[in-house]
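This briefing walks through one protein chain, topic by topic. Please keep the sequence and the structure in view while reading.

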Amino acid sequence: MNIRATPSTSAPVRHYGLGGDRVNILNQTNAPDGYRWYFVEFPNSGARGWIRADLLRVGGNYGGSSTQRIAFAPGTSAATVGGKVQGAQSRDYLVNARAGQTLNLSTVGTSSFLQLQVFAPNGSTLYTGSRNWSSVLRQSGDYRVRARLVPEEQKRGVTAEYSLTVSVR
């Protein structure tokens, strides 16, 4: 299957995928061509690009990933979620924000190997690191926050419990 630079069948092909390849979905969009497209990353190679949704089987939880939308209680702009990751598992959190707002992340965890990744609505990586992060956002839409172990520790089966506070102001 073709992995494209943008969500369109006329976009340049960046990479190729094979049936059975595992991917992490970083973002999704309904494109003008009428199809849903996913911005994906191949965990082993790190290759990224867009693939049409009808070419993927979604929801198998193969790598142990799950996604949760973060909703703020009425009158608040922050929420705290908790979780646990082990090995290659990851937990994704979606938070909707507008351009010009500030996204703040703060974590407390049981392992120094816990890592956060933040992806913009277009799928680009804004941050990869540990603990706290803050940035003024340039785009409106769903931001994906991923909690995982650093890649070097995933094969060792390390476990990390964490508490993640997300605020948008």
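Contact, as the word is used throughout this briefing, means heavy atoms within 4.5 Å. In that sense T67 touches D92, L94 and R144, once residues up to four places away in sequence are set aside. The chain shown is a predicted model, with a mean pLDDT of 86 and with 95% of its residues reaching 70 or more.

**Confidence along the chain**

- Among the elements of the chain, the highest mean pLDDT, 97, belongs to strand 12, whereas the lowest, 76, belongs to strand 6, which covers residues 65–69.
- Over residues 60–64 the pLDDT stays under 50, and for this stretch the model has seven contacts beyond four places in sequence.

- Four strands form an open sheet in the order 7-14-9-12, and their pairing is antiparallel.
- The edges of this sheet are taken by strand 7 and by strand 12 (133–136), and because each has a single partner strand, one side of each is left without a neighbour in the sheet.
- From one strand to the next, the twist of this sheet averages 20°.
- Nine bridges pair strand 7 with strand 14 in the antiparallel sense, and among the residues involved is K84, whose bridge partner in strand 14 is E161.
- In a regular strand the side chains alternate between the two faces of the sheet.

**Nonpolar cores**

- The largest nonpolar core has 26 residues, of which L103, L105 and L164 touch the most other members.
- At least two residues of this core come from each of strand 7 (78–86), strand 8 (90–97), strand 9 (102–109), strand 10 (114–119), strand 13 (141–149) and strand 14 (159–168), with strand 14 supplying the largest share, five residues.
- Apart from this core lies another one, of seven residues, which includes I3, Y38, V40 and F42.
- Leaving aside neighbours within four places in sequence, L105 is in contact with L116, V118, R131, N132, W133, V145, L164, T165 and V166.
- V166 lies in strand 14 and has a relative accessible area of 0%, so V166 counts as buried, the cut-off being under 20%.
- Beyond four places in sequence, the contacts of V166 are with I70, F72, S77, A78, A79, V95, L103, N104 and L105.
- Although V166 and W133 are 33 residues apart along the chain, their C-alpha atoms are separated by 9.8 Å.

**Polar contacts around R144**

- D92, a residue of strand 8, has a relative accessibility of 3% and therefore counts as buried.
- The side chain of D92 makes a polar contact of 3.0 Å with the side chain of R144, while the residues that D92 touches beyond four places in sequence are I25, S66, T67, Q68, R144, V145 and R146.
- T67, which has its place in strand 6, counts as partly exposed because its relative accessibility is 49%, a value that falls between the limits of 20% for buried and 50% for exposed.
- The side chain of T67 is also joined to that of R144, through a polar contact of 3.3 Å.
- Between the C-alpha atoms of T67 and N122, which are 55 residues apart along the chain, the separation is 17 Å.

**The hairpin of strands 3 and 4**

- Strand 3 (residues 24–30) and strand 4 (residues 36–41) run antiparallel and are joined by six bridges, including one in which Q28 has Y38 of strand 4 as its partner.
- Five residues lie between the two strands of this hairpin, where G34 takes a positive phi near 90°.

**R48 and its surroundings**

- R48 is placed in strand 5, which covers residues 48–52, and at 17% relative accessibility R48 counts as buried because that value is under 20%.
- A polar contact of 3.2 Å joins the side chain of R48 to that of E41.
- Apart from neighbours within four places in sequence, R48 is in contact with I3, R14, H15, L26, F39, V40, E41, F119, G123, S124 and T125.

Terms used: Residues numbered from 1 in each chain as written. Predicted model: local features only at pLDDT ≥ 70, side-chain atom pairs only at ≥ 80, totals over all residues. Heavy atoms only, no water. Core = buried A, V, L, I, M, F, W, Y, C linked by side-chain atoms within 4.5 Å. Buried < 20%, exposed > 50% of the residue type's maximum accessible area, 1.4 Å probe, protein only. Polar contact = N/O pair within 3.5 Å; in protein donor to acceptor, adjacent residues only side chain to side chain. Pairing = 2+ DSSP bridges. Axes fitted to C-alpha atoms, helices over the stretch in contact; angles between N-to-C directions. pLDDT = per-residue confidence, 0-100.
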